[in-house]
Amino acid sequence: MRNCSRWLMGIGIVIVAGVVVASTLAEVYAGEAALTYFRQAKINWRAFEGQKLTIGLNKHPYTESLLPLIPEFEALTGIKVEYLILPEQEYFTKLVADLSTQRGEFTVIMCGPMRNWQYATGGWIMPLDPFLNDPKLTDQAWYRLEDFFPGLIAANRWNGKSGGGVGEGPLYSIPVLSESYILSYRKDIFDQHKIKVPTSMEEMVEAARQVKKNAGIDGIVARGIPAASTIATGFISGAKSYADGKWHELDENLNPRFDDPRHVKFVQLWVDMVRESGPANWANMTWYNAMETFAAGQAGMFADADFFAATYEDPSKSKVAGKVGYALIPPGPAGTTYSGLWTWALGMSKATQNKEAAWYFIQWATSARTLLN
């Protein structure tokens, strides 16, 4: 049975927890228990005491869960940690500027597959295998890389060959969260107005129309900004489902076959749906905006990350807690549904002067106890 922390990560759930200051006896004991856990590893956690790291982080629920635990790492290692948190688009822009110039502002970075392909091609990030395989830096029996889902680790390996090679070659980052894509919908509104939970894209279009007509709110909300994340999440899951998984095949020159008639039809259905039943400012929406809009009770459906449910079901953050239903992305005409998969991960800038200390942070942050918290 795989480690519970990896299971939680594998289904895309992030538990927000941790203590910044140990102000009670129970917290003191909890802090000591954490240090005792890490000291079981047969490495010298104090080997790089006094060094400094700067962590580059995307504004994200994972980041919220990590920050309260950083004092634990500093107490364990004596390594000082600073961090910079930026919204996603701004984060990736700044990260590419830093990595491409090798300034080394960030030592540890929040990254993942697809992004790694660019960074590795430029020689901007470090393969992590040498750190994993050095017994002075990693107690493999304690760390247990095998507890991660093999597919998530494979997704973060790449041999550098265009058009393939994923799952082979160096490991460039280690997963901290994974997400797939589902349809979240206002179950209370659907029940009240007898709106059918969609089992096809055409039914989804009609459901969005009925929500807007009967409930007086936007029928659908979606990412709209001109960015890779807009098409690589709920949209691409629906597109692949509509084309029965075939549209994405590449030709002999590695060009995607976007002219597949099923893909063309899906794009038209999706865009018309969002224009007709979505918010007026849909073209400027980030996932932050869309998630907050749905949680505020201002939209009937949102096809996006599964872990957003943690926000929807939190009464302190959401007005729709207990009112949301969840379903798979509607299948295409062939009856098959697909979902994309993304895994956030931690990697290391090649420009950092404190590579071993950076590895200690990655190892600590991706350990079972830290991920459970």
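1. By contact I mean heavy atoms within 4.5 Å of each other. With that in hand, take serine 184, a residue of strand 6 (residues 173-186). Leaving aside neighbours within four places in sequence, serine 184 touches Phe294, Gly300, Met301, Phe302, Tyr312, Val324, Gly325 and Tyr326. Its relative accessibility is 2%, so serine 184 counts as buried.

2. A word on confidence before going further: this is a predicted model. The protein chain has a mean pLDDT of 90, with 91% of its residues at 70 or more. Where pLDDT is low, predicted coordinates should not be read in detail.

3. Now for the inside. The largest nonpolar core holds 76 residues, and Trp359, Phe361 and Trp364 have the most contacts within it. Helix 16 supplies the largest share of this core, eight residues. There is also a second, separate core of 26 residues, with Ile189, Ala207, Ala222 and Val274 among them. As a rule, nonpolar side chains in soluble globular proteins tend to be buried together.

4. The buried ones are Ala357, Ala358, Trp359, Tyr360, Phe361, Ile362, Gln363, Trp364 and Ala365. What does tryptophan 359 contact, leaving aside its neighbours within four places in sequence? The list is Leu128, Phe131, Leu132, Leu137, Thr138, Ile174 and Met348.

5. On to charges: the count comes to 16 salt bridges. One of these joins aspartate 304 and arginine 223, whose closest N and O atoms are 2.6 Å apart. Aspartate 304 sits in strand 7 (residues 301-305) and arginine 223 in the loop between helix 11 and helix 12 (228-242), so the pair ties together parts 81 residues apart in sequence. Are these two residues buried or exposed? Both aspartate 304 and arginine 223 are buried.

6. Arginine 209 and glutamate 206 make another salt bridge, with 2.4 Å between the closest N and O atoms. Why are these two separated by about one helical turn? Because they are three residues apart in helix 11 (residues 201-215). An α-helix has 3.6 residues a turn, so residues three or four places apart point the same way. Arginine 209 is partly exposed at 30% relative accessibility, and glutamate 206 is partly exposed at 31%.

7. Two further salt-bridge notes. Glutamate 203 pairs with lysine 196 at 2.9 Å, N to O; glutamate 203 has a relative accessible area of 24%, so it counts as partly exposed. Elsewhere, salt bridges link Lys94, Asp98, Arg103 and Glu105 in a network.

8. A pair of backbone details to check on screen. Glutamine 102 has a positive phi, near 55°, although it is not glycine. You'll find glutamine 102 in the loop between helix 5 (88-101) and strand 3 (108-111), partly exposed at 30% relative accessibility. Methionine 114, also not a glycine, has a positive phi near 80°. Its place is the loop between strand 3 and helix 6 (115-121).

9. Methionine 114 turns up again on the surface. Together with Trp117 and Val166, Met114 forms a nonpolar patch with about 260 Å² of accessible area. Methionine 114 is partly exposed, with a relative accessible area of 38%. Valine 166, in strand 5 (residues 166-171), is partly exposed with 42%.

How values were computed:
Residues numbered from 1 in each chain as written. Heavy atoms only, no water. Buried < 20%, exposed > 50% of the residue type's maximum accessible area, 1.4 Å probe, protein only. Helix = DSSP H or I, 4+ residues; strand = E, 2+ residues; numbered from the N terminus. Patch = residues over 30% accessible without salt bridge, like charges linked within 9 Å, V, L, I, M, F, W, Y side chains within 5 Å. Areas by Shrake-Rupley, 256 points an atom, 1.4 Å probe, with all protein chains shown as cover. Salt bridge = Lys/Arg side-chain N within 4 Å of Asp/Glu carboxyl O. pLDDT = per-residue confidence, 0-100. Core = buried A, V, L, I, M, F, W, Y, C linked by side-chain atoms within 4.5 Å.
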